[in-house]
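Hi,

Here is the model I promised to pass on.

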Amino acid sequence: MRDMKGGMWIDRLDAAVARVQNPCLLGLDPHLDLLPGEFAVARDPRAARAERAGAVERFCLELLDVAAGRVAAVKPQSAFFEVLGADGVRAWENVVAAARARGLLVIGDVKRSDIASTAAAYAQAFLGGAPGLDPSHLCDAITVSPYLGPDSLAPFLTAGRETRTGIYVLVRTSNAGGGEYQRHGEPALCEKIAAAVAAWGEDFRGECGLAAVGAVVGATHPAELRRMRDLMPRTPLLLPGYGAQGATARDVAAAFSDPAHPWRGALVNSSRGIAFAWRAPEHASRSWKDAARAALDAMIADVRHALARP
């Protein structure tokens with residue numbers, strides 16, 4: 001069990017966002033094919049798996065150095081670690097622990113879902129509750145899928161209450177094909193799920209007034225984002241799609257509705273646009289790490305400007 005003295009997840013997040021004065025979130029998606037040359041062994045099929053996972057870990061640790069003090073949280077995507085088997089999972093745990101050691105909150109992008117005891121096991125694996133295990137690699141929150149029904153999320157909600165952690169439920173995703181199912185029906189399935197998310201969070205609020213049950217809503221759908229905010233006024237939103245997927249800082253503004261706390265209410269995620277900024281022509285003269293730092297600083301300035309406008 002993790003230390004409970006830190007308070008509820010959403011209050012820890014709210015305080016961390018207030019400290020850095022921006023709602024930006026750095027996604028850690030270490031695509032093997034996109035890693036800078038010094039980490040090329042990660043994509044070499046002839047190299048030992050442990051060596052490849054070690055390169056992924058080193059890359060992410062250097063990204064954490066870029067993120068620390070600039071943003072409140074990071075969001076590692078588990079698939080890019082799991083592709084390297086047990087060594088990749090070990091690298092994941094090391095990256096999560098290193099992020100927490102640097103004062104960063106961790107949202108595990110794991111998109112888990114299952115039923116009964118299996119869902120409870122997933123919750124224990126990522127959020128805690130299993131006795132005798134090292135808590136340093138546990139996440140502060142994770143992404144979950146609701147499409148097996150509300151009973152599949154009940155174990156995650158229970159774990160969140162017990163460990164003061166959070167979940168972000170996939171509601172309206174940023175991918176182009178998401179609407180095929182999520183917009184189906186009347187009311188649309190995503191709106192039905194949004195209403196359920198808002199209800200689950202009613203008795204699970206922090207002192208900041210927001211719920212510890214959040215929602216993933218793509219910034220690539222700005223009109224729908226406004227509708228989602230109306231349906232979930234107290235729900236913290238995780239907004240993928242900024243940057244590489246085409247969404248702008250103005251597109252995310254509808255997720256923020258508290259003038260007294262301009263950064264409160266959502267996290268704006270960018271992954272490839274930061275981690276692999278070195279591949280863009282405007283950063284050709286920079287090292288990969290300097291390019292990532294410059295891209296993250298530019299994103300922070302962009303989002304701050306959009307949220308400060310009248």
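Ala50 sits in helix H2 (helices are DSSP runs of H or I with at least four residues, strands are runs of E with at least two, and both are numbered from the N terminus). From Ala50 to Ala86 there are 36 residues in sequence, and the C-alpha atoms lie 8.7 Å apart in space.

Before you go further, please keep in mind that this is a predicted model, in which local features need pLDDT of at least 70 and side-chain atom pairs count only at pLDDT 80 or more, while totals for chains, interfaces and linings use all residues. Residues are numbered from 1 along each chain as its sequence is written, and side-chain values use heavy atoms, with hydrogens and water left out.

Now the barrel. Eight strands form a closed barrel in the order S1-S2-S3-S4-S5-S6-S7-S8, with parallel pairing (two strands pair if DSSP finds at least two bridges between them). From one strand to the next, the twist averages 30 degrees (angles run from 0 to 180 degrees between N-to-C directions, and axes are lines fitted to C-alpha atoms, for helices over the stretch in contact). Helix H1 (residues 9-20) packs on the sheet and touches S3 (105-112), S4 (141-144), S5 and S8 (266-270); contact here means heavy atoms within 4.5 Å. The direction of H1 makes about 130 degrees with that of S3.

Two of the strand pairs in a bit of detail:

- S1 (residues 24-28) and S2 run parallel and are joined by four bridges; Leu25 has Ala73 as its bridge partner in S2.
- S5 (residues 166-172) pairs with S6 (residues 213-217) in the parallel sense over five bridges, and Val169 has Ala215 as its bridge partner in S6.

In a regular strand, side chains alternate between the two faces of the sheet. In S2 (residues 73-76), Ala73 and Lys75 point one way, Val74 and Pro76 point the other way, and all are buried.

Back to H2 (residues 49-67), which packs with H12 (residues 288-308) at an angle of about 40 degrees, with the axes 10 Å apart. That makes H2 oblique to H12 (under 35 degrees counts as roughly parallel, over 145 as roughly antiparallel, 65 to 115 as roughly perpendicular, and the rest as oblique). On the H2 side, the contact residues are Phe59, Glu62, Leu63, Asp65, Val66 and Ala67, which meet Trp288, Lys289, Ala292, Arg293 and Leu296 in H12. Seven of the residues in this contact are nonpolar, none polar and four charged (Ala, Val, Leu, Ile, Met, Phe, Trp, Tyr, Cys and Pro count as nonpolar, Asp, Glu, Lys and Arg as charged, and the others, Gly among them, as polar).

Most residues other than glycine have a negative phi, and most peptide bonds are trans. Gln21, in the loop between H1 and S1, has a positive phi near 60 degrees, and Gln21 counts as partly exposed at 39% relative accessibility. Ala116, in helix H5 (residues 116-127), has a positive phi near 45 degrees and is exposed, at 52% relative accessible area. The peptide bond from Glu186 to Pro187 is cis, with omega near 0 degrees, and Pro187 lies in the loop between H7 (179-182) and H8 (189-200).

Cheers

Note on methods
Buried < 20%, exposed > 50% of the residue type's maximum accessible area, 1.4 Å probe, protein only.
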